Amino acid sequence: MTTRAQRRRRMSRRARLRRTITALVAVALLVGGVTAFAVLRDPATPSAETKPTATAPSPPAPTPLPTPLTPAQKLLGTTSDPTACAVSFAGDGLALDPQLETQDLRYDRLPIPQTDGRVFAGWYSTAADAAALSIPGRVNGADLVSCTGRQKTLFGAWTTPEANAAEDAGIPILMYHQFTRRPEGEDGWLRANYIHVGDFDAQMAYIQESGFYLPTWDELSAFIDGTLFLPAHSVVITDDDADSSWLELAAPIVDGRHLLTTSFVITSARTEGPPNRFVLQRSHTHDMHRAGASGKGRMVDEDAATIAADLEQSAVILGAKEVVAYPFGHYDETTKEGLRQAGFELGRTVEHGYVHVGTDKLALPVIRMNYGMTVEDLRDAIG
């Protein structure tokens, strides 16, 4: 028989069991509700009521604009010549268009800028050379064009009129005539004209190895005007007559040594082009290298118009004007007027001397080179 105490204990155990089950159910419901809420709130889990929003397509990327061509590139676009080189110019106060040159040929008339209060000091391979006025780094029409990627930049330099005057350069123009292989020289009254080719080669080696600057005729003209600085360590090399001995013996030497030389040609006797790329051919007149009625050269016997017509004919054959070498060195004021009428700027005499700022452009002096002159004689004459 169950006692009252036993019944109370069983009822107490059942009550505790119900409370435990109730608590466990409550916990389960709470956990399930949180999880369901989290699922409903997770934007990555779409619900029946919430659907993903469609993403609008991205606009197409704009087509990049082509990089504008530089002036040098535009210039190269005008030619299909694979050896063409666009040469650009840089320097203080310089705004020059690039110009086309041809690689492995000499530069063709580089610009000579002018400005008040300053003297142009030339073009250089690097900005450092320009700052130092370095003769080895100076570039002109005596040099061959060499480019990278068909382009090159030259750097201009300036100096002051005072510094130009202080340089006090006297530019020698060397005058050669004929050449001989005979160490003892040639016989006859023109013996002094014939330089032994071995002596000539030694003289050219001295000029080359001593680093002389070789001005072009347009540079010499600007130097005389006082608008271009030339270093005192400069020299101009010329030959008169374009004799066969010059062409056969001497011209190959200046070519091999890369020395700019001017050959003054009598165009009634020679119409061929230059023998190599380091020889300029300029006028020794067309047909005035002979005696006129007075017994002197025709350039002092003819009127200015006749002289001008002769020089014009010579210029057509040579393709250039610039400078005339007077036959026999004979000239006068009428001769000069003939040169002016024909458009020539310079006239070279046979008178001894050096070209300075202010020298008469139609009476350029020379240093005559005679048979027997040595390298030492040359050094004494040109420094």
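1. Start with strand 14. In this predicted model, Met 175 has Arg 368 of strand 14 as its bridge partner. Strand 6 (residues 173-176) and strand 14 run parallel and are joined by 2 bridges. Strand 14 also pairs with strand 13 (residues 346-352), again in the parallel sense and over 2 bridges. Here Arg 348 stands opposite Leu 364 of strand 14.

2. Move on to helix 10 (residues 375-382). Its buried residues are Val 375, Leu 378, Ala 381 and Ile 382. They sit on the same side of helix 10, because they cover an arc of only 120° around the axis. What covers them? The cover for the buried residues of helix 10 includes strand 6, helix 5 (197-209) and strand 14. Just after helix 10 comes Gly 383, with a positive phi of about 95°.

3. Look at Glu 219 in helix 6 (residues 217-225). This residue is buried, yet has no salt bridge. Which side chain of opposite charge is nearest to Glu 219? That is Arg 138, 4.0 Å away. Glu 219 does have a polar contact: its side chain and that of Tyr 213 are joined at 2.7 Å. Leaving out residues up to four places away in sequence, Glu 219 touches several others, including Ile 112, Asn 140, Leu 214, Leu 228 and Leu 230.

4. Gln 178 is in strand 7 (residues 178-180). Is Gln 178 buried or exposed? Its relative accessibility is 7%, so Gln 178 counts as buried; the cut-off for buried is under 20%.

5. Now the salt bridges. How many does a search of the whole structure find? The search finds 17 salt bridges. One of them joins Arg 118 and Asp 92, with the closest N and O atoms 2.7 Å apart. This pair links distant parts of the chain, 26 residues apart. Arg 118 is in the loop between strand 2 (99-102) and strand 3 (119-124), while Asp 92 is in the loop between strand 1 (84-90) and strand 2. Arg 118 is partly exposed, at a relative accessible area of 29%. Asp 92 is exposed, at 53%.

6. Arg 109 and Glu 322 form another salt bridge, with their closest N and O atoms 2.9 Å apart. Arg 109 lies in the loop between strand 2 and strand 3, and Glu 322 in the loop between helix 8 (304-318) and strand 12 (323-325), so the pair ties together parts that are 213 residues apart in sequence. Arg 109 counts as exposed, at 52% relative accessibility. Glu 322 counts as buried, at 19%.

7. Arg 290 forms a salt bridge with Asp 287, and the closest N and O atoms are 3.1 Å apart. Salt bridges with shared partners join Asp 287, Arg 290, Arg 298 and Glu 302 into one network. Arg 290 is partly exposed, at 40% relative accessibility. Asp 287 is also partly exposed, at 28%.

8. Finally, the whole chain. The protein chain has 10 helices and 14 strands. Of its 383 residues, 42% count as buried. Take the contacts between residues at least 6 apart in sequence: 63% of these join residues at least 24 apart.

Methods. Residues are numbered from 1 along each chain as its sequence is written. This is a predicted model: local features need pLDDT of at least 70, side-chain atom pairs count only at pLDDT 80 or more; totals for chains, interfaces and linings use all residues. Side-chain values use heavy atoms; hydrogens and water are left out. Two strands pair if DSSP finds at least two bridges between them. Helices (H or I, at least four residues) and strands (E, at least two) are DSSP runs, numbered from the N terminus. Buried means under 20% relative accessible area, exposed over 50%, partly exposed in between (1.4 Å probe, protein chains only). Lys and Arg count as positive and Asp and Glu as negative; His and the chain ends are not counted. A polar contact is a pair of N or O atoms within 3.5 Å; within protein, one must be able to donate a hydrogen and the other to accept it, and residues adjacent in sequence count only if both atoms are side-chain atoms. Contact means heavy atoms within 4.5 Å. The arc is that of the directions from the helix axis to the C-beta atoms.
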